[in-house]
Amino acid sequence: MSNANDPAIAVRGLQKRFGDLEALAGIDFEVASATVFGLLGPNGAGKTTAVRILTTIIEPDRGTAEVLGFDVVRDAERVRLRIGLAGQAATVDPNLTGRENLRLVGRLAQRPRAWVDLRAAELLELFELSPAADRPIRTYSGGMRRRLDVAAALVGRPPVLFLDEPTTGLDLPSRNALWATIRELVAEGTTVLLTTQYLEEADRLAGRIAVVDLGRVIAEGTPAELKAQLGSTVIEFAMASDTDAERAVGLLSDAQAEREGSRIRVPSMEGPRSLMEMLRTLDADGLYPSSLTVREPSLDDVFLRLTGHHAEPVAEPQPEQPVPVGGAA
Amino acid sequence: MSQATVAIPIPAERHGWNRFTGFVADSLAMVGRNLITLRRVPQLLVFSTIQPVIFVLLFVYVFGGAVGDATGLPYIDFLVPGIFVQMSVFGAMGTAIGLATDVKSGLLERFHALPMARSAVLAGRTAADIVRNVFVIMLVSAVSFVIGFRIHTDVLGYLGGIALVLLFGYALSWVFAGVGLAVKDPETAQAAAFPIMAPLVFASTVFVPADLMASWLQPFAEHQPVSVVASAARALMLGTPNEGYILQALLWIVGIIAVSAPIAVRRYRSAV
């Protein structure tokens with residue numbers, strides 16, 4: 001059994017292949033008890049595969065994973081008694097009502113029936129689904145359905161929670177409410193593994209983040225550590241031509257500027273000040289950006305910095321061609 | 001947050017007692033779930049009832065005159081036990097479609113991550129399909145009595161015949177459970193099930209006696225399981241010569257379950 005200092009989740013050398021696709025190429029990470037750990041990466045990075053292995057849905061080809069000290073393959077049933085899953089993949093029955101779905105999951109999680117009934121009512125209240133509690137799920141909106149998915153993960157009050165992109169498709173108030181719920185669960189001792197494509201979400205919730213790309217962990221640390229590499233602000237501007245952009249990068253050699261065509265990104269720890277300095281430097285040489293944005297770093301910035309490629313596979317840049325007018329050729 | 005329910009200790013093992021009571025409880029939960037679906041989507045039940053009723057009417061009034069004499073019975077009496085068997089075969093297709101829907105929707109992912117008996121999803125589905133078949137058989141029985149079907153033995157024989165047909169439908173549910181889990185898509189499940197099912201239903205003694213078929217087809221039509229069960233049901237309901245049909249039918253049922261249930265369970269484990 002585990003004791004308090006052992007990690008709640010321990011993953012070592014996990015590999016999984018689906019035919020020709022290497023979904024996980026050997027990942028390692030540990031999640032401390034009563035913390036939120038974020039797996040951050042684009043679609044197809046292997047996040048969902050890792051969650052499916054950790055929740056005993058599929059078995060790894062190589063490597064081991066333990067949840068609360070129980071091996072996910074050899075001791076799958078003890079793992080299942082202790083986890084909750086809200087996933088892109090795992091869903092609820094569209095013909096059952098919200099309440100019936102929660103009761104079914106609670107019963108199958110082997111919790112006492114009377115307790116499950118109370119718990120279901122409580123979760124419906126918490127996720128503001130009480131008015132729709134006795135309507136079949138197929139009448140729910142996308143956001144309501146996502147909230148019920150998360151509620152289903154919480155029914156058994158599991159000590160370890162897996163949330164696979166839980167806020168995809170949620171509007172802003174629902175997302176904030178879910179984030180608040182997750183924080184409270186963690187304060188009560190729940191361990192949460194969260195996957196997300198949004199740096200902001202990982203930053204707001206997770207104590208530690210592993211950045212995943214092509215089935216590998218390419219960076220791991222606290223949000224502060226990752227941001228230190230990245231800058232807290234990204235200044236992005238475009239020049240009139242590639243040549244101008246190249247000149248601008250030359251002038252801004254101190255600032256880790258990255259050029260892509262006529263666009264330039266500059267990560268910065270002190271946005272406004274760097275911006276002023278940059279503009280003065282460019283102005284002194286008679287260069288003017290044709291557009292300019294100052295924003296928080298995104299997953300894409302993390303990826304560009306860590307891997308040199310974009311988070312999403314980008315299409316080959318097309319040579320500029322005049323757009324035919326009126327469709328005549 | 002208002003999480004008022006007290007934290008309960010995590011059960012050390014599934015269902016304190018033993019694995020069997022756990023399996024039963026989980027299966028009952030799944031039966032409940034499937035029956036709710038049947039009630040919420042009444043079209044499923046309506047269409048599975050309309051089809052056999054139309055078959056009874058069509059066959060009696062269209063072919064009855066031509067075929068009737070060859071059976072040595074009023075055609076409707078010959079037909080109705082056969083229609084029950086045909087219904088149980090078509091009903092088993094519902095098992096394939098239902099399970100394929102669950103795979104496709106992601107519900108099986110959820111079940112795989114829960115500490116429930118692995119076989120409860122299949123046991124619950126096939127058991128719920130029996131309940132559906134009972135319901136459909138009751139409705140079709142009522143219609144057939146109205147248009148002139150008569151039992152030649154007694155009520156016990158009739159109920160025995162129905163029980164046999166239900167058991168056969170249960171056995172077929174396991175065959176089609178494997179099909180549904182293999183194809184993982186409801187439309188494909190329907191398309192895949194039909195070619196298995198159509199020759200068994202139509203090249204059988206369900207609608208016409210084997211003597212009326214092409215001679216090369218007769219040995220198959222007489223001895224394949226659908227015909228055997230139809231003949232056994234007729235023996236029970238109409239007192240036609242048994243000639244070992246009832247025993248053969250029971251052997252088919254046991255044999256089909258023994259082969260197809262382990263296949264379906266293995267498919268279930270690897271379905272996600």
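## Close-up views of a predicted two-chain model

**View 1. The H3(A) and H4(A) helix pair of chain A in the predicted model.** On the H3(A) side the contact is made by A:Gly98, A:Arg99, A:Leu102, A:Arg103, A:Gly106 and A:Arg107, which meet A:Arg113, A:Val116, A:Asp117, A:Arg119, A:Ala120, A:Leu123 and A:Leu124 in H4(A). Sorted by class, the residues of this contact are five nonpolar, two polar and six charged.

**View 2. The open, six-stranded sheet of chain A.** The strands follow one another in the order S6-S7-S8-S3-S9-S10, with mixed pairing. From one strand to the next, the twist averages 15 degrees.

**View 3. The pairing of S3(A) with S9(A).** Strand S3, residues 36-40 of chain A, and strand S9, residues 208-213 of chain A, run in the parallel sense and are joined over four bridges. Within this pair, A:Phe37 has A:Arg208 of S9(A) as its bridge partner.

**View 4. Helices H5 and H6 of chain A against the sheet.** Helix H5 (residues 142-154) lies across S6 and strand S7 (160-164) of chain A, and its direction runs at about 170 degrees to S6(A). Helix H6 (residues 172-187) also packs on the sheet, where it touches S3, S7 and strand S8 (191-196) of chain A, and its direction makes about 150 degrees with that of S8(A).

**View 5. The contact between chain B and chain A.** In this interface, 29 residues of chain B are in contact with 36 residues of chain A. Helix H1 (19-40) and helix H4 (107-112) of chain B each supply at least two residues of the side that touches chain A, and H1(B) gives the most to that side, with six residues. The residues on the chain B side divide into 15 nonpolar, eight polar and six charged.

**View 6. The two assigned domains of chain A.** The domain assignment places residues 9-227 in domain 1 and residues 233-295 in domain 2, and the centres of these domains, taken over C-alpha atoms, are separated by 40 Å.

Notes. Residues numbered from 1 in each chain as written. Chains lettered and ligands numbered in written order. Predicted model: local features only at pLDDT ≥ 70, side-chain atom pairs only at ≥ 80, totals over all residues. Domains from an automatic or database assignment. Contact = placed C-beta atoms within 7 Å. Nonpolar A, V, L, I, M, F, W, Y, C, P; charged D, E, K, R; others polar. Axes fitted to C-alpha atoms, helices over the stretch in contact; angles between N-to-C directions. Pairing = 2+ DSSP bridges.
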